[in-house]
Amino acid sequence: MSKERIRAALAFGKERTEKGDKPAGNTIPVPAGSTKNKKRLGRGIGSKTGKTGGRGSKGQYARNTVRRGFEGGQMPIHRRLPKRGFTSIFHKDFFPINLRDIEKSGLTGNIDAKIMVESKILDNEGTLFKILGTGEITKAVHIVADGFSASAKAKIEKAGGSVKLRSELASKEA
């Protein structure tokens with residue numbers, strides 16, 4: 001056990017071993033109040049949870065458990081409702097970024113995920129994002145993204161810029 005870990009453990013909480021005392025072996029002292037005893041049900045009427053043990057009186061819920069979704073033999077709602085569609089395991093969710101967002105942030109030149117994270121348009125570089133054509137772009141920008149709508153591609157190229165897919169660049173580097 002490292003000395004830093006022991007020092008950090010000793011510094012945590014109020015009721016700890018004295019500064020000079022070292023914990024034996026690999027045990028780290030436990031702060032008071034961090035562990036709690038299990039609720040002891042059915043241990044006499046003086047214990048507040050005696051006799052029926054918090055289950056009320058009689059009935060199925062007092063005697064045994066009932067699984068979730070059980071409706072007393074009636075056809076459960078999850079079986080009454082029809083199944084609709086499916087979710088493809090290959091589906092990818094793209095974060096939409098409009099041209100007006102790029103124009104508003106004042107980005108110019110080469111724009112990629114790293115620059116968009118710095119300008120707070122994206123949360124992280126690994127996010128898949130698609131450029132959409134809402135808004136106008138006046139400057140020539142060279143954008144690397146995971147997808148482009150047809151209108152966005154046309155507007156970027158009309159302004160003198162270019163578009164590239166991130167997947168194409170990754171396959172060329174590999």
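**Reading the sheet, the core and a buried aspartate**

Modeller: The pairing is parallel in an open sheet of 3 strands, ordered E1-E3-E5. Helices (H or I, at least four residues) and strands (E, at least two) are DSSP runs numbered from the N terminus, and two strands pair if DSSP finds at least two bridges between them. This is a predicted model, in which local features need pLDDT of at least 70 and side-chain atom pairs count only at pLDDT 80 or more, while totals for chains, interfaces and linings use all residues. Residues are numbered from 1 along each chain as its sequence is written, and side-chain values use heavy atoms, leaving out hydrogens and water.

Colleague: Which strands stand at the edges?

Modeller: Strand E1 (95-98) and strand E5 (147-148) do; each has a single partner strand, so one side of each lacks a neighbour in the sheet.

Colleague: Which residues touch the most other members of the largest nonpolar core?

Modeller: In soluble globular proteins, nonpolar side chains tend to be buried together. A nonpolar core is a set of buried Ala, Val, Leu, Ile, Met, Phe, Trp, Tyr and Cys residues joined through side-chain atoms within 4.5 Å. Here the largest has 19 residues, and those touching the most other members are Ile97, Ile102, Met116, Phe129, Ile131, Ile143 and Ile156. Strand E4 (141-145) gives the largest share, 3 residues.

Colleague: Is aspartate 146 buried or exposed?

Modeller: Buried means under 20% relative accessible area, exposed over 50%, and partly exposed in between (1.4 Å probe, protein chains only). Aspartate 146 is buried, at 19%, and lies in the loop between E4 and E5.
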